[in-house]
Amino acid sequence: AALPLLASNGSIILTIFESEPYSLWNVRDLARHVHLKVGRSFKFQAEAYPGYKHARTLGNIEGGGGWKGETRDARTYIFERKDGEGRQEQETSQKGKSSGSSDSDEDD
C-alpha cells in the first residue's frame, strides 16, 4: 500500500481509460478502502502534454495496432489522504497554514 509512503500533503495521480476493463476497477472505491479520497478528477487531455505517446502494457503491436491510446477517452484522478489521515503530521509541518483541497470533480 502506498499510504505509509505518502507525505501528509502528498498525492497519487492515476490516469486510466474510461472503458472496460478499466471502468470495472472502480478506483474511487478501491481508494476509499485504503484511506484515500479523490481530491480532483478531470478528463485527460493528451494534447496538453507535448510529446505524450501512449505505451501499451504488453508492448507495441507490429504495424501500430488498431487504435491509439491518445484518441481514447481517459480520466485523471488525484488521490489524497482522507480527512484525519496524517492530520497530526500535517498540522506539525504546516503550523497554521490552511489546506485548500476540494472534493469536487471537474467534468472537462
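# Salt bridges, rings and loops in a predicted chain

Trainee: In which element do arginine 32 and aspartate 29 both lie?

Mentor: The two residues are three positions apart, about one turn of the helix. This is a predicted model, and in it their side chains meet in a salt bridge, 2.5 Å from N to O. The element that holds both residues is helix α1.

Trainee: Are arginine 32 and aspartate 29 buried, partly exposed or exposed?

Mentor: Buried requires under 20% relative accessible area, and exposed requires over 50%. Arginine 32 has 43%, and aspartate 29 has 28%. Because both values fall between the two cut-offs, arginine 32 is partly exposed and aspartate 29 is likewise partly exposed.

Trainee: How many salt bridges does the count come to?

Mentor: Arginine 32 and aspartate 29 form one of them. The side chains of arginine 75 and glutamate 18 form another, at 3.9 Å from N to O. Glutamate 80 and lysine 37 also form a salt bridge, with their closest N and O atoms 3.8 Å apart. The count comes to three.

Trainee: Are glutamate 80 and lysine 37 buried or exposed?

Mentor: The cut-off for buried is under 20% relative accessible area. Glutamate 80 has 16%, and lysine 37 has 15%. Because each value is under the cut-off, glutamate 80 is buried and lysine 37 is also buried.

Trainee: What is the C-alpha to C-alpha distance between glutamate 80 and isoleucine 13?

Mentor: Glutamate 80 is in strand β3, residues 74-81. Glutamate 80 and isoleucine 13 are 67 residues apart in sequence. In space, their C-alpha atoms are separated by 9.0 Å.

Trainee: How many residues apart in sequence are the parts that arginine 75 and glutamate 18 tie together?

Mentor: Arginine 75 is buried at 10% relative accessible area, whereas glutamate 18 is partly exposed at 41%. Their side chains meet in a salt bridge. Arginine 75 lies in strand β3 and glutamate 18 in the loop between β1 and α1, so the tied parts have a sequence separation of 57 residues.

Trainee: Which geometry does the aromatic pair of phenylalanine 17 and tyrosine 22 have?

Mentor: The structure holds five aromatic pairs. For the pair of phenylalanine 17 and tyrosine 22, the centres are 5.6 Å apart and the planes are at 65°. Planes over 60 degrees apart count as edge-to-face. The geometry is therefore edge-to-face.

Trainee: Which residue has its charged end over the ring of phenylalanine 17?

Mentor: The charged end over its ring sits 3.9 Å from the ring centre. The residue is arginine 72.

Trainee: What is the accessible area of the nonpolar patch that includes Leu24?

Mentor: Leucine 24 is in the loop between β1 (12-17) and α1 (27-33), and it counts as exposed at 59% relative accessibility. Leu24, Trp25 and Leu30 form the patch. Together they have about 350 Å².

Trainee: Which peptide bond that ends at proline 21 is cis?

Mentor: Proline 21 lies in the loop between β1 and α1. The omega of the bond is near 5°. The bond runs to proline 21 from glutamate 20.

Trainee: What is the phi of histidine 35?

Mentor: Asparagine 26, in the loop between β1 and α1, has a positive phi of about 50° although it is not a glycine. Histidine 35 is in the loop between α1 and β2 (36-43) and is not a glycine either. Its phi is positive, at about 65°.

Methods:
Residues are numbered from 1 along each chain as its sequence is written. This is a predicted model: local features need pLDDT of at least 70, side-chain atom pairs count only at pLDDT 80 or more; totals for chains, interfaces and linings use all residues. Side-chain values use heavy atoms; hydrogens and water are left out. Patches are made of residues with over 30% relative accessible area and no salt bridge: like charges are joined within 9 Å, nonpolar side chains (Val, Leu, Ile, Met, Phe, Trp, Tyr) within 5 Å. Accessible areas come from the Shrake-Rupley method with a 1.4 Å probe; for residues, only the protein chains shown count as cover. A salt bridge is a side-chain nitrogen of Lys or Arg within 4 Å of a carboxyl oxygen of Asp or Glu. Helices (H or I, at least four residues) and strands (E, at least two) are DSSP runs, numbered from the N terminus. Buried means under 20% relative accessible area, exposed over 50%, partly exposed in between (1.4 Å probe, protein chains only). Rings of Phe, Tyr and Trp (its six-membered ring) pair if their centres lie within 6.5 Å; planes under 30 degrees apart count as stacked, over 60 as edge-to-face and the rest as tilted. A charge sits over a ring if NZ of Lys or CZ of Arg is within 6 Å of the ring centre and within 35 degrees of the ring normal.
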